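These exercises go through one structure, from whole chains to single residues. Each task is followed by a worked solution.

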Amino acid sequence: MSEAFAPDPAFRSWGGAIRPLQHVGRPRFRDQLPDLLQQAPGSALAVGMGRSYGDSGLNSSGALIEMTGLDRLIAFDGEARTLRAEAGTTLESLMRFLAPRGLFTTTTPGTAQVTLGGAVANDVHGKNHHAAGAFGCAVRRLGLLRTSGERLELAPGEPLFAATIGGLGLTGVIEWVEIDLAAIPGAAIDNEDVPFGSSAEFFALARESAQAFEHTAAWVDVSRGRGVFSRGNWAPAAAAAPRRGRLAAPFEPPISPLNPLTLRAFNELVFMVKSRGAKQRTVSYAQALHPLDGVTGWNRLYGRRGFWQHQSVVPAANAEDAVGALLKTVAAAGEGSFLTVLKTFGSRASPGLMSFPMEGATLAMDFPARGEGVLRLMDRLDAIVREAGGRIYVAKDGRMSAETMRAGYPRLEEFMGLLDPGLASDFQRRVLEAAA
Amino acid sequence: MSGERAVILGALSAIAEETARLLAAEGARLCLVARNAERLQALAADLRLRGAAQVETAAHDLAQADDAPAKLAEWAGALGGLEEVYVFYGALGDQARSEREPAAAREAIDVNFTSQALWSLAAANMLEAQGAGALVIVSSVAGDRGRMSNYVYGAAKGGMSILGQGLAHRLAQAGGARAVVVKLGFVRTPMTAGMNRSGPLWVDASTAARAVREAARKGGPVVYAPWFWRFILLAIRLTPAAIFHKTRL
């Protein structure tokens with residue numbers, strides 16, 4: 001093993017349900033990348049902040065290239081509203097640069113602790129998908145380094161560009177990305193929480209809110225089928241400095257406090273707090289868009305066994321029925337999910353071949369990794385999703401079958417034809433190679 | 001203080017880059033010195049976007065210190081003056097190699113002590129003559145006690161700490177200019193990549209950078225960063241040899 005890659009026992013996926021040892025190289029400059037790729041034992045995979053829940057960010061029989069050292073801004077045009085930066089830059093640091101200038105990324109996932117490269121490789125989506133589309137919609141150009149040593153500058157319209165958006169890092173190492181930016185009136189968001197008592201009510205709220213509100217999402221108490229619908233818009237207020245993570249979960253408790261005993265109480269509490277009438281508040285963008293970033297390492301509260309995430313999307317035509325079925329199945333199994341998020345997606349298509357969002361509804365749930373029962377439950381959920389014509393989000397996945405993957409991503413074969421043979425991931429070996 | 005003018009020797013190190021970003025956010029004028037011109041350009045572009053009023057780059061092998069006074073004058077001239085000099089560069093070296101190969105030992109000592117000392121002396125002379133400014137020498141707790149695992153590096157750092165202390169004493173006479181030695185503990189950067197970096201004693205580069213930036217403003221002559229290292233090293237220094245020798249630290 002070349003000394004450029006060191007074994008890192010602390011490196012793990014966000015869900016931590018699977019923790020094979022990774023070998024990690026940490027470059028700081030672009031000129032180090034070609035040599036690193038040459039020296040990688042077997043295959044390599046570029047990764048960012050490690051927020052993928054499952055095995056799409058792991059490469060157990062090869063090496064990882066951790067890109068967060070490549071975090072420099074390259075070019076910025078405030079008038080044209082474009083920004084070019086190295087792929088290891090986090091969205092959080094981009095937002096700290098942009099917000100005071102009245103600008104923002106066109107969309108953001110629920111955590112800003114992801115890299116630009118990671119946002120592209122997973123074609124992430126946010127609370128404003130129905131307004132802005134996925135992250136890939138804002139990418140103007142990107143720099144890709146292939147293991148052959150070739151350095152490519154890709155633009156929309158090129159097959160490799162489409163393959164790289166949502167391409168899970170398997171088409172090459174993304175070195176830099178140039179994105180369009182959105183203008184924002186201030187750094188705060190006017191938010192409103194509206195309680196609902198059934199998934200039918202959720203869909204009515206979603207339809208009603210889509211035009212007037214840019215950011216929408218709902219938290220759901222799965223066992224009761226009720227929840228709180230959150231909707232908001234950028235507020236014309238003076239820039240509020242985003243809250244930094246003040247709480248930290250610095251260790252993994254041997255017995256997780258997140259278990260069926262506490263789940264019921266937790267859900268009651270959250271519902272009570274959130275549903276005191278339709279509350280309107282102005283909050284910082286961090287609070288509205290990245291609530292969990294305020295608790296560093298929250299994923300560790302699931303304990304040593306970790307947790308699985310199941311996020312699916314189902315097409316609009318079947319959404320109400322399918323979401324109802326998914327929620328009923330989880331409730332019946334008695335497996336609780338602490339953070340269940342339900343959101344509708346809009347029709348704006350992403351250029352990515354392997355893009356996850358589609359017009360319809362997406363449901364995300366977490367399950368403590370307590371054994372076979374949970375895995376069987378998720379298989380049943382997959383079946384409901386497949387039947388409805390939907391798919392599973394790879395960034396969250398650690399256990400879906402190759403068949404489910406193939407059924408959900410019609411352009412999979414096209415994608416497989418554009419992969420870089422020198423790169424691989426555990427997800428690719430487990431699912432894509434079997435599916436192709 | 002904004003618009004401050006600083007020369008950063010060894011600007012491509014992880015902690016140096018984070019420190020430069022803090023300075024850029026204050027609108028400082030910077031001259032970045034390191035060997036690799038292309039990497040310096042990438043850094044400069046980033047720092048200008050982050051708010052630096054001016055960024056000059058100088059590709060120079062800092063191990064070559066004989067022309068230090070002239071070079072420093074040139075770099076200060078490009079900025080129109082100088083308030084701060086940061087000495088960042090260094091190499092952890094390979095302790096085992098230094099023990100076996102005299103040439104490796106000489107290189108480790110020359111880079112980490114001899115050349116740093118010459119740059120520091122030149123910087124101190126310049127700051128003393130102008131009666132203002134701060135010299136910040138980024139050193140290490142490894143210099144507080146010779147330990148079998150890294151004493152060659154430790155010796156160089158120890159030497160620089162003493163030199164820095166002496167310079168602080170000298171500059172304090174005339175008033176105006178200052179010298180500060182910042183002793184860093186465990187920092188997660190490429191330099192420490194081979195070590196086990198978990199545990200509460202480890203900090204990341206941006207935390208170390210904040211300590212370095214603060215030291216330039218005030219404090220010294222010797223600053224431990226984070227603060228708890230002062231007490232850890234006190235204990236280490238006071239441990240009798242009979243006991244210390246039983247460890248393999």
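**Exercise 1. Chain A as a whole**

What share of the contacts in chain A with a separation of 6 or more is accounted for by residues 24 or more positions apart?

Solution. The share is 73%, where contact means heavy atoms within 4.5 Å. Before going on, note the basis of the values: this is a predicted model, in which local features need pLDDT of at least 70, side-chain atom pairs count only at pLDDT 80 or more, and totals for chains, interfaces and linings use all residues. Residues are numbered from 1 along each chain as its sequence is written, chains are lettered from A and ligands numbered from 1 in the order in which they are written, and side-chain values use heavy atoms, with hydrogens and water left out.

Next, describe the fold and extent of chain A.

Step 1. Chain A contains 13 helices and 20 strands; helices (H or I, at least four residues) and strands (E, at least two) are DSSP runs, numbered from the N terminus.

Step 2. With a radius of gyration of 21 Å, close to the 22 Å from the globule rule for 436 residues, chain A is as compact as a globular protein of that length. The radius is taken over C-alpha atoms, and the rule is 2.2 Å times the number of residues to the power 0.38.

Step 3. The C-alpha trace of chain A spans about 60 × 50 × 40 Å along its principal axes.

Step 4. Of the 436 residues in chain A, 60% are buried. Buried means under 20% relative accessible area, exposed over 50%, and partly exposed in between (1.4 Å probe, protein chains only).

**Exercise 2. Chain B as a whole**

Describe chain B by the steps used for chain A.

Solution.

Step 1. Chain B has 9 helices and 9 strands.

Step 2. Its radius of gyration is 18 Å, close to the 18 Å that the globule rule gives for 249 residues, so chain B is as compact as a globular protein of that length.

Step 3. Along the principal axes, the C-alpha trace of chain B spans about 55 × 40 × 35 Å.

Step 4. Buried residues are 51% of the 249 in chain B.

Step 5. For contacts in chain B between residues at least 6 apart in sequence, 73% join residues at least 24 apart.

**Exercise 3. The contact between the chains**

How many residues does the contact take from chain B and from chain A?

Solution.

Step 1. The contact takes 16 residues from chain B and 14 residues from chain A.

Step 2. About 1300 Å² is buried between the two chains, and carbon and sulfur atoms give 50% of that area. Buried area here is the accessible area (1.4 Å probe) that two parts lose on being put together, summed over both.

Step 3. On the chain B side, B:Arg39, B:Leu49 and B:Arg50 supply 44% of the area that chain B buries against chain A, more than any other three residues.

**Exercise 4. Placing A:Arg30**

Where is A:Arg30, and is A:Arg30 buried, partly exposed or exposed?

Solution.

Step 1. A:Arg30 sits in the loop between strand 2 (22-25) and helix 1 (33-39) of chain A.

Step 2. A:Arg30 has a relative accessible area of 27%, so it is partly exposed.

Step 3. Neighbours within four places in sequence aside, A:Arg30 is in contact with residues including A:Leu70, A:Glu86, A:Glu175 and A:Trp176.

Step 4. A:Glu175 is 145 residues from A:Arg30 in sequence, yet their C-alpha atoms are 7.1 Å apart.

**Exercise 5. Backbone details**

Which residues does a cis peptide bond join in chain B, and what is phi of A:Asp123 and of A:Leu168?

Solution.

Step 1. One cis peptide bond joins B:Gly220 and B:Pro221, with omega about 5°. B:Pro221 is in the loop between helix 7 (205-217) and strand 9 (222-225) of chain B.

Step 2. Another cis peptide bond joins B:Ala225 and B:Pro226, with omega about -10°. B:Pro226 lies in the loop between strand 9 and helix 8 (229-238).

Step 3. A:Asp123 is not a glycine, but its phi is positive, near 45°. A:Asp123 belongs to the loop between helix 3 (116-121) and helix 4 (129-132) of chain A, and it counts as buried because its relative accessibility is 0%.

Step 4. A:Leu168, also not a glycine, has a positive phi of about 60°. A:Leu168 is in the loop between helix 5 (159-164) and strand 10 (173-183) of chain A, and its relative accessibility of 9% makes it count as buried.
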